Amino acid sequence: MTPPSLAIIIPTLNEELCINSTTKRLLEILDKLIEEKTISNKSFLFYIDDGSTDSGWSLIEEYNKETKGRVKGIKFSRNFGNQKAIIAGLTEAKKYNADCYISIDADLQ
């Protein structure tokens with residue numbers, strides 16, 4: 001049986017200070033689960049920048065390049081709210097054919 005692919009949905013709003021540590025920690029967890037064959041190596045992080053005014057989106061774009069697409073995301077033109085960001089993240093991440101989805105706050109709470 002092929003392990004499922006997992007998309008971790010992460011809404012952000014001015015979370016520049018959290019993105020580095022969050023991304024590194026979640027990629028470590030994904031790598032461990034992939035190694036254990038619990039999830040597929042097609043699993044990924046999906047950030048939704050909910051109209052941030054800091055440089056968080058630049059960090060997300062850098063991680064997208066560095067990780068060859070394991071970190072993905074979309075950027076809103078303005079703030080629409082956390083729940084709409086999660087819905088948009090689920091909708092967009094679905095295009096990458098994940099089998100299961102979870103959401104977590106950018107500060108990992």
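Arg 25 is partly exposed, at 42% relative accessibility (buried means under 20% relative accessible area, exposed over 50%, and partly exposed in between, with a 1.4 Å probe and protein chains only). Its salt-bridge partner is Glu 28, with the closest N and O atoms 3.2 Å apart; a salt bridge here is a side-chain nitrogen of Lys or Arg within 4 Å of a carboxyl oxygen of Asp or Glu. Both Arg 25 and Glu 28 belong to helix 1 (residues 16-35), where they sit three residues apart, about one turn of the helix. Helices (H or I, at least four residues) and strands (E, at least two) are DSSP runs, numbered from the N terminus. The model is predicted: local features need pLDDT of at least 70 and side-chain atom pairs count only at pLDDT 80 or more, while totals for chains, interfaces and linings use all residues. Residues are numbered from 1 along each chain as its sequence is written, and side-chain values use heavy atoms, with hydrogens and water left out.

Across the whole structure, the search finds five salt bridges. One of them joins Lys 75 to Asp 49, the closest N and O atoms being 3.6 Å apart. Because Lys 75 lies in strand 3 (residues 71-75) and Asp 49 in strand 2 (residues 44-49), this pair ties together parts that are 26 residues apart in sequence. Lys 75 is partly exposed, with a relative accessible area of 41%, whereas Asp 49 is buried, at 1%. Another salt bridge links Lys 95 and Glu 92, with 3.1 Å between the closest N and O atoms. Here Lys 95 is exposed, at 56%, and Glu 92 is partly exposed, at 25%.

Next comes the loop between helix 1 and strand 2, which holds Ser 40. Ser 40 counts as buried, at 11% relative accessibility. A polar atom of the Ser 40 side chain lies 3.0 Å from the backbone nitrogen of Lys 42. Leaving aside residues up to four places away in sequence, Ser 40 touches Pro 3, Pro 4, Ser 5 and Ile 34 (contact means heavy atoms within 4.5 Å).

Definitions and conventions. A polar contact is a pair of N or O atoms within 3.5 Å; within protein, one must be able to donate a hydrogen and the other to accept it, and residues adjacent in sequence count only if both atoms are side-chain atoms.
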